[in-house]
Amino acid sequence: MNFEVVFLGTGAAVPSKTRGTTSQFVDIHGHTYLIDAGEGVQMAMRREGLRFQKLKGIFISHMHGDHVLGLPGLLSTMSLLGRRSPLNVWGPPVLESWLGETWRMIGAHHTFDILHHAWSPKDVVCLEMGNRHRLVSFPVKHRVDCCGLRIEEHSLPWTLQKGHPLFASLTHEERRRLKSGEAISRGGSALQPDMCCDPPPKARAYVYSADTRPSQRVKDQAEGAEVLYHDATFETSDAARAESTYHSTAAEAGRLASQAKVGTLVLGHISQRYKSTDALLAEARSYHGHVLVAEDGMKLSL
Ligand SMILES: [Zn+2]
């Protein structure tokens with residue numbers, strides 16, 4: 001089952017020649033979501049050949065321009081191209097009225113419904129999809145109200161062993177129950193899933209920290225995740241600036257990833273002040289064994 005993240009914009013507030021502002025595309029089991037929509041998100045999606053008309057939802061972490069200014073343009077284009085299916089948009093409470101005012105000022109007409117869901121400053125399940133994955137938002141520590149996002153698999157199915165002697169005789173309902181991990185009754189005794197099925201694969205999780213200081217909430221949500229994308233705006237030499245602007249250094253991201261025992265740490269929200277990311281990488285690697293620096297257009301399969 002596919003689970004992939006495409007990093008569309010990996011820079012901090014000011015875009016550079018090589019890094020756009022924040023946006024990510026996530027495909028989990030064929031369901032696609034956008035996390036944040038910085039300016040330039042439409043062209044970035046075009047470059048990567050990603051279909052935005054199929055998006056199930058867009059999650060906006062906070063109301064800073066580098067995370068939200070691409071959203072009105074993207075939604076407008078969806079209408080110009082004739083989208084009909086409703087679109088979930090999760091974001092700060094003020095997002096709906098901000099967009100509403102924008103539509104009113106430019107006289108926009110939409111061909112589809114935008115389903116607004118205001119997140120609140122606590123851990124919230126935004127969406128359970130197909131009973132196989134969910135989106136969970138959680139508050140982080142930024143200058144303004146801001147939420148990170150955990151996208152995780154759950155309740156993955158057991159796989160029936162086709163060579164098992166009972167395979168051909170199982171009814172549709174019996175197959176459904178075994179795949180769900182439930183026992184069925186056979187010959188007066190219980191047939192457990194592990195007697196005729198292969199166990200489900202380990203559920204995977206992708207965690208997006210959003211813009212944040214290192215925080216216990218991020219650490220809790222990142223616990224055991226395959227991939228954590230963490231704010232690493234600054235080098236340690238700029239630690240005071242990281243603190244005053246409510247961002248993180250690469251070393252802080254590395255330390256948190258190590259404490260949370262994540263698989264891969266991806267450093268993101270990279271300041272355009274650094275000509276090279278070598279120091280960011282080295283700082284994070286001094287705490288965590290597997291670290292990547294996000295690049296625009298980079299794809300990662302979980
Ligand atoms: Zn930002």
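**Questions on a predicted zinc-site model**

User: At 3% relative accessibility, does His-269 count as buried or exposed?
Analyst: Buried means under 20% relative accessible area, exposed means over 50%, and partly exposed lies in between (1.4 Å probe, protein chains only). His-269 has 3% relative accessibility, so this residue counts as buried.

User: What kind of model is this?
Analyst: Residues are numbered from 1 along each chain as its sequence is written, and side-chain values use heavy atoms, with hydrogens and water left out. Local features need pLDDT of at least 70, side-chain atom pairs count only at pLDDT 80 or more, and totals for chains, interfaces and linings use all residues, because the model is predicted.

User: Which residues are the protein donors of the zinc ion?
Analyst: Donors are N, O and S atoms within 2.8 Å of the metal (3.2 Å for Na, K and Ca); water is not among the atoms, so sites may look incomplete. The protein donors lie 2.1 to 2.2 Å from the zinc ion, and their spacing in sequence is D-H-x143-D-x57-H. Asp-66 and His-67 are both buried. The donor residues, with their atoms, are Asp-66 (OD), His-67 (NE2), Asp-211 (OD) and His-269 (NE2).

User: Which geometry does the site of the zinc ion have?
Analyst: Four donors count as tetrahedral if all angles lie between 85 and 135 degrees; four count as square planar and six as octahedral if opposite donors are over 155 degrees apart and all others between 65 and 115; anything else is irregular. The angles among the four donor atoms of the zinc ion are 87 to 173 degrees. The site is classed as irregular.

User: Where does Tyr-246, a residue with positive phi of about 60 degrees, lie?
Analyst: Tyr-246 is not a glycine, yet its phi is positive, about 60 degrees. At 34% relative accessibility, this residue counts as partly exposed. Tyr-246 lies in the loop between helix H7 (239-244) and helix H8 (250-259).

User: How far apart are the C-alpha atoms of Thr-10 and Asp-231?
Analyst: Thr-10 lies in the loop between strand S1 (3-9) and strand S2 (23-28), and at 0% relative accessibility it counts as buried. Contact means heavy atoms within 4.5 Å, and beyond residues up to four places away in sequence, Thr-10 touches residues including His-269, Gly-268 and Tyr-229. Thr-10 and Asp-231 are 221 residues apart along the chain, and their C-alpha atoms are separated by 9.8 Å.

User: Which residues touch the most other members of the largest nonpolar core?
Analyst: A nonpolar core is a set of buried Ala, Val, Leu, Ile, Met, Phe, Trp, Tyr and Cys residues joined through side-chain atoms within 4.5 Å. The largest core has 52 residues, and those touching the most other members are Phe-7, Tyr-206, Leu-228 and Leu-267.

User: Which unit do S5, helix H4 and S6 make?
Analyst: Five of the five residues of strand S5 (residues 87-91) are buried, so S5 is largely enclosed by the rest of the structure. Two strands pair if DSSP finds at least two bridges between them; S5 runs parallel to strand S4 (residues 57-59), joined by three bridges, and parallel to strand S6 (residues 114-118), joined by five. A crossover is right-handed if, with the strands pointing away from the viewer, the path from the first strand over the helix to the second runs clockwise. With helix H4 (residues 95-106), S5 and S6 make a right-handed β-α-β unit.

User: Which elements are included in what covers the buried residues of H8?
Analyst: Seven of the ten residues of H8 are buried, so this helix is largely enclosed by the rest of the structure. Among the buried residues are Glu-252, Leu-256 and Ala-257. The cover includes helix H6 (216-222), S15, S16 and H9.

User: Which residue just after H3 takes a positive phi of about 85 degrees?
Analyst: Helix H3 (residues 71-80) is mostly covered, with seven of its ten residues buried. Leu-74, Leu-75 and Met-78 are among those buried residues. The residue with that positive phi just after H3 is Gly-82.

Technical notes:
Helix = DSSP H or I, 4+ residues; strand = E, 2+ residues; numbered from the N terminus.
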